[in-house]
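Please keep the sequence and the 3D view at hand while reading.

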Amino acid sequence: MTSFAPAVRNHRRTALALVLCGGLTAALAACGTEEDPDKGTNGVAKLTAAEIDEKARAAADAASAVRLSGTLVSKGGTYRLEMKLNAEGGMGSVTSKKQSFALLRVDDELYLKAPAEFWTHEESGDAGGSSDVGAADKLGGKYVKVPEGDPSYRQLRGFTDKKVLLDGLLALNGKVNKGGRDTVAGHRTIQIVGGKGEGGAFDVSLEDQPYPVRVARGGGGGTVTLADWGQTFPLEAPEEDDTVDYGGQLPKSSG
């Protein structure tokens with residue numbers, strides 16, 4: 001009498017092998033379809049943190065222009081910046097808790113524009129307080145030329161100097177490390193951090209040029225976004241009839 005048991009066992013083994021093979025094939029296919037996080041990027045994320053830092057700074061230095069928007073916190077207070085900068089100067093506004101004023105610099109010519117209230121001040125020792133109303137009326141709403149010898153010139157100029165401002169913003173304290181990935185203003189980014197983040201951080205674009213696109217300063221020093229890299233903008237001195245040259249030193253102000 002002929003037994004069919006071996007044939008049945010062989011059939012089962014074959015079926016099991018087909019199932020295992022099919023499962024392995026599906027798993028391999030699934031692995032093959034996982035998206036490469038660096039696909040379509042500039043490849044910067046594959047570099048070391050130090051290399052990313054170097055490339056981001058080089059890209060920022062080489063860019064002809066940039067727009068900054070955000071908040072800076074220092075011992076002198078908190079400032080809201082809205083600035084456009086290029087190699088010749090910059091323009092925009094600076095807002096503090098008490099005051100808001102516009103800045104414009106073309107080469108070494110620096111101008112400050114503020115409302116009349118900015119130019120009023122109370123004299124110390126005067127119980128009733130007094131204001132230089134004449135100066136306030138004269139300077140309010142005008143572009144006031146800031147003399148290079150005035151103590152405020154250097155500080156105010158710093159807000160309009162691309163290299164000075166970016167060098168300060170992009171300074172990281174401690175060992176530079178890689179942070180996480182994110183999307184900032186539609187750009188995929190990789191973050192680099194000082195230490196574990198306490199030394200500051202900035203996000204570097206993984207698309208096109210590796211520009212810094214967002215900065216978080218260490219110690220709660222504020223957050224600034226950087227955009228419009230390389231986009232030119234008009235930068236011209238104000239009209240003469242809209243300008244006041246106060247002389248060798250600016251008058252006191254409430255700001």
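E82 has a relative accessibility of 33% and therefore counts as partly exposed; in this report buried means under 20% relative accessible area, exposed over 50%, and partly exposed in between, with a 1.4 Å probe and protein chains only. The partner of E82 in a salt bridge is R80, with the closest N and O atoms 2.9 Å apart. A salt bridge is a side-chain nitrogen of Lys or Arg within 4 Å of a carboxyl oxygen of Asp or Glu. R80, at 37% relative accessibility, is likewise partly exposed.

The model is predicted, so that local features need pLDDT of at least 70 and side-chain atom pairs count only at pLDDT 80 or more, whereas totals for chains, interfaces and linings use all residues. Residues are numbered from 1 along each chain as its sequence is written, and side-chain values use heavy atoms, with hydrogens and water left out.

**Overall architecture**

The protein contains five helices and 12 strands. These elements are DSSP runs numbered from the N terminus: helices are H or I with at least four residues, and strands are E with at least two. Of the 255 residues, 35% count as buried. The accessible surface comes to about 14,800 Å², and carbon and sulfur atoms account for 52% of that area; accessible areas come from the Shrake-Rupley method with a 1.4 Å probe, and for residues only the protein chains shown count as cover. Among contacts between residues at least 6 apart in sequence, 54% join residues at least 24 apart, where contact means heavy atoms within 4.5 Å.

**The nonpolar interior**

A nonpolar core is a set of buried Ala, Val, Leu, Ile, Met, Phe, Trp, Tyr and Cys residues joined through side-chain atoms within 4.5 Å. The largest such core has 46 residues, and those with the most contacts inside it include L68, F101, L103, L112 and W119. Helix α2, residues 49-62, gives the most to this core, with five residues. Another core, of seven residues, lies apart from it and has A65, L104, Y111 and Y143 among its members.

Which residues does L112 touch, not counting those up to four places away in sequence? They are F101, A102, L103, F118, W119, K142, Y143, V144, V146 and L156.

L169 is found in helix α5 and, at 4% relative accessibility, counts as buried. Leaving aside neighbours within four places in sequence, L169 is in contact with L68, L72, V215, R217 and V224. L169 and V224 are 55 residues apart along the chain, and their C-alpha atoms are separated by 8.3 Å.

**Aromatic pairs**

A search of the whole structure finds four aromatic pairs. Rings of Phe, Tyr and Trp (its six-membered ring) pair if their centres lie within 6.5 Å; planes under 30 degrees apart count as stacked, over 60 as edge-to-face and the rest as tilted. One of the pairs is formed by Y79 and F159, which is tilted, at 5.9 Å centre to centre and 55° between the planes. This pair links distant parts of the chain, with Y79 in strand β2 (residues 77-86) and F159 in the loop between α4 (151-158) and α5 (162-169), 80 residues apart. Both Y79 and F159 are buried.

The rings of F101 and F118 are also tilted, because their centres are 5.6 Å apart and their planes lie at 55°. F101 belongs to strand β4 (residues 100-106) and F118 to the loop between β5 (109-113) and α3 (133-139), 17 residues apart. F101 is buried at 11% relative accessibility, and F118 is buried at 4%. Together with W119, F101 and F118 form one aromatic cluster.

**Salt bridges**

The structure holds 10 salt bridges.

| Residues | Distance |
|---|---|
| R181 and D38 | 3.0 Å |
| R57 and D53 | 2.7 Å |
| R80 and E82 | 2.9 Å |

R181 is partly exposed at 41% relative accessibility, whereas D38 is buried at 13%.

R57 and D53, by contrast, both lie in helix α2, four residues apart, about one turn of the helix. R57 is partly exposed, with a relative accessible area of 25%, and D53 is buried, with 12%. Elsewhere, D182, D203 and R214 are linked in a network of salt bridges.
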